[in-house]
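Okay, everyone, thanks for coming. Let me put the model on the screen, and then I'll walk you through a few spots in it.

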Amino acid sequence: MATHVADSHDLIRVQGARENNLADISVELPKRRLTAFTGVSGSGKSSLVFSTIAAESQRMINETYSAFLQGFMPNLARPDVDLLDGLTTAIIVDQERMGGDARSTVGTATDANAMLRILFSRIGDPHIGSPQAFSFNVASISGAGAVKFEKGGQTVKERREFSIVGGMCPACEGRGQSSDFDLSALYDDSKSLNEGALTVPGYSMDGWYGRIFAGSGYFDMDKPIREFTERELHDLLHREPTKIKVEGINLTYEGIIPKVQKTMLAKDRESMQSHIRAFVDRAITLTDCPECGGTRLSAEARSSKIDGHNIADCCAMQISDLAEWVGGLDKPEVEPLLAKLRHTLDSFVEIGLGYLSLDRPAGTLSGGEAQRTKMIRHLGSSLTDVTYVFDEPTIGLHPHDIQRMNDLLLRLRDKGNTVLVVEHKPEMIAIADHVVDLGPGAGADGGAVCFEGTVDGLRSSDTTTGQHLDDRAALKDAVREATGSLQIRGASANNLRDVDVDVPLGVLTVVTGVAGSGKSSLVHGSIPAGEGVVSIDQSAIRGSRRSNPATYTGLLDPIRKAFAKANGVKPALFSSNSEGACPNCNGNGVIFTDLGIMESMATTCPECEGKRFQAEVLEHRLGGQDISEVLAMSVAEAAAFFGEGEARTPAAHKVLRNLDDVGLGYLHLGQPLTTLSGGERQRLKLATRMGEKGGIYVLDEPTTGLHLADVEQLLGLLDRLVDAGKSVIVVEHHQAVMAHADWIIDLGPGAGHDGGRVVFEGTPADLVAQRSTLTGEHLADYVGA
């Protein structure tokens with residue numbers, strides 16, 4: 001029987017893709033199959049999958065809406081590609097951290113809280129109100145007043161009352177924590193305001209804050225704060241928002257403490273800039289709210305119970321326990337709701353997140369946990385012929401958990417969906433129906449298709465991925481001897497069970513265990529970053545298109561000073577964000593033209609030709625190069641340039657050497673941070689922090705986003721740190737890093753309340769020989785023991 005013409009569209013065809021570093025490539029991807037995209041970090045995988053295929057799918061969906069609705073949507077630019085054919089609706093499940101608001105929790109992010117609120121509003125005893133009576137985001141409000149309305153041709157005035165019953169704790173406003181301010185961190189009381197008494201970031205007397213304080217007339221700007229009257233101190237710290245007029249302009253004056261609460265404390269701590277976070281940590285002590293005990297809910301919301309549990313108890317339970325409790329409820333009147341809630345909670349358990357609780361702040365989830373949380377709403381979906389796009393779904397997963405993730409991806413595929421996965425782990429690449437390998441190198445050396453075909457074909461190819469696919473790191477013949485130990489006693493953060501452990505110093509120590517076993521709680525909770533400790537976590541690098549590796553690492557400062565010294569001018573001229581910026585494009589290098597509902601047009605600035613600097617700045621040279629030519633250099637070229645000769649600058653050369661050591665020699669100094677891949681950003685952060693003085697380095701999954709070939713280079717870097725006398729402690733799941741360790745601390749045996757204990761301490765060889773834990777079994781299989 002002849003194939004129907006509608007069934008012939010079984011390929012997603014990409015022709016002439018040029019986004020970021022893609023070199024005019026063309027690929028054909030089979031629909032309703034699982035395709036893995038491989039290649040070294042920075043080879044163009046995300047540019048092809050996210051910036052080209054997924055971006056165009058989302059843009060075309062947005063175009064189906066009216067111009068009015070499109071005005072409220074993000075304006076997506078068309079990817080730089082000649083042809084995209086056979087696209088289906090794309091659902092992107094990325095690693096972006098969740099949250100950004102202090103009130104966002106795992107429950108609110110996944111709709112589980114919404115279902116619990118409905119459940120309690122229907123069958124909770126006593127009945128206290130609608131679902132919003134159980135919401136910590138809704139405050140209780142009541143009021144009364146006269147209303148006028150037309151009735152029978154006459155204006156009638158009536159008194160009306162209204163009340164909204166919300167579940168928000170009135171003391172902490174639904175945040176679960178109350179904040180006490182250390183006033184000595186807000187100001188130096190021996191100085192006056194004009195002398196710069198305020199130490200809150202951004203509160204400079206040179207700008208608008210100075211004008212507002214001076215124009216308010218509430219206090220003497222030249223009087224030391226310690227001499228303020230009680231009234232003046234109250235106005236400075238606590239005054240409610242008050243309209244004032246300064247220099248003929250209407251402004252609002254507000255006390256420092258309510259202002260800081262609104263502008264800084266309302267944000268999730270993880271999303272703060274580093275200097276703001278440091279101030280908040282210094283100035284504010286957060287304790288569980290005494291009114292609600294940290295539950296965020298009012299006493300009324302906590303009084304309503306189902307089978308002896310209130311909604312706060314349910315949210316505090318480990319999700320696997322909550323799923324069991326909900327499964328045991330026999331309430332026919334709400335059975336459809338219970339079925340939906342059971343499915344959501346079971347999905348948490350199935351995806352390996354059963355150890356979380358619904359009241360866990362969303363901002364504290366790791367990148368891998370956030371990605372798996374976003375997957376929950378897609379499990380059990382009735383949609384088919386959808387393209388699911390995943391960005392390294394194995395991040396943060398123990399080898400034991402990866403098999404479960406593989407099963408989920410295959411289930412999505414078997415329902416008739418196209419699954420596209422950017423991935424480095426061989427265990428996941430192995431289940432792919434089709435593989436696209438990009439490379440051969442990274443950055444300008446990548447962006448080409450090196451291989452397209454089956455996993456077996458990749459294995460026998462001579463590509464970098466093919467050569468390293470079956471790499472297995474061997475256990476070391478001899479391990480280093482510890483020079484001392486860091487004693488941790490009675491660690492009980494989160495799920496840790498009064499853990500006592502000695503972390504050896506002067507060696508490479510790997511802390512491992514299944515996801516949720518308590519690794520980060522042990523390491524970050526017991527070894528806080530501070531004196532002598534350099535802690536490199538997984539928090540995202542934030543930066544606009546104006547930020548680049550040179551600005552992020554601080555490399556631009558010594559370069560600007562070297563240019564200024566060589567030419568007898570000031571350093572600010574050599575900044576495209578300051579005095580040296582091209583006035584036509586404000587140092588952007590491109591000019592954006594807003595075309596209403598259509599995508600904005602970005603054109604190269606005709607004045608500076610994309611160089612971002614004024615013409616007169618480019619006349620100043622160092623070693624025969626102008627500042628724009630230096631920013632166009634790769635890290636490796638710049639290291640040679642600043643290492644010797646006329647341009648020799650030791651401070652710049654040291655930073656460049658660190659960047660080269662972490663495998664970023666191909667990056668261009670002026671490349672916008674927005675174009676870097678996840679793995680590149682992780683290594684950029686590592687290179688930046690390597691310059692800090694400290695005897696102990698704590699790294700949280702440094703193999704994130706790294707190709708198998710890059711892992712070898714990372715191991716070499718860790719060895720160099722240890723050989724230089726540093727102690728390196730790594731939280732990691734990658735078996736190659738475990739095999740390379742001198743000492744392993746394994747937590748478990750399970751996740752959540754099934755974990756939190758040290759189940760093994762010793763050398764990798766002993767762990768493999770004993771095979772007493774899940775990690776031991778997987779490591780033994782990996783090294784072929």
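So, let's begin at Val49. Leaving out residues up to four places away in sequence, Val49 touches Phe37, Ala54, Val389, Leu420 and Val422. Before I go further, a reminder that this is a predicted model. Val49 sits in helix α1, which covers residues 45–62. Is Val49 buried or exposed? It's buried, with a relative accessible area of 0%. If you want a sense of scale, take Val49 and Glu616: they are 567 residues apart along the chain, and their C-alpha atoms are separated by 41 Å.

Now the nonpolar cores. In soluble globular proteins, nonpolar side chains tend to be buried together. Here, the largest nonpolar core has 72 residues, and the ones that touch the most other members are Leu116, Leu119, Leu322, Leu358 and Phe390. Let me zoom in on Leu116. Again not counting residues up to four places away in sequence, Leu116 has contacts with Ile311, Cys314, Cys315, Leu322, Leu341 and Leu358. There's also a second, separate core, with 67 residues, and among them are Ala639, Leu686, Val711 and Leu717.

Next, helix α5, residues 208–216. Which of its residues are buried? Those are Gly210, Ile212, Phe213 and Ser216. Look down the axis of α5 and these buried residues fall within an arc of 165°, so they line one face of the helix. As for what covers them, that includes α6 (230–237), β9 (242–246), β10 (249–253) and α7 (256–265). And just after α5 you get Gly217, with a positive phi of about 75°.

One is Asp111, at about 75°. You'll find Asp111 in the loop between α3 (106–110) and α4 (112–123). Asp111 is partly exposed, with a relative accessible area of 37%. The other is Glu392, with a positive phi of about 45°, and that isn't a glycine either. Glu392 is in the loop between β14 (387–391) and α14 (399–414). At 9% relative accessibility, Glu392 counts as buried, because the cut-off for buried is under 20%.

Last stop, the cis peptide bonds. I have a pair to show you. The bond from Gly439 to Pro440 is cis, with omega near 0°, and Pro440 lies in the loop between β16 (434–439) and β17 (448–453). Then there's the bond from Gly748 to Pro749, also cis, again with omega near 0°. Pro749 is in the loop between β26 (743–748) and β27 (757–762).

Key: Residues are numbered from 1 along each chain as its sequence is written. This is a predicted model: local features need pLDDT of at least 70, side-chain atom pairs count only at pLDDT 80 or more; totals for chains, interfaces and linings use all residues. Side-chain values use heavy atoms; hydrogens and water are left out. Buried means under 20% relative accessible area, exposed over 50%, partly exposed in between (1.4 Å probe, protein chains only). Helices (H or I, at least four residues) and strands (E, at least two) are DSSP runs, numbered from the N terminus. The arc is that of the directions from the helix axis to the C-beta atoms. Contact means heavy atoms within 4.5 Å. A nonpolar core is a set of buried Ala, Val, Leu, Ile, Met, Phe, Trp, Tyr and Cys residues joined through side-chain atoms within 4.5 Å.
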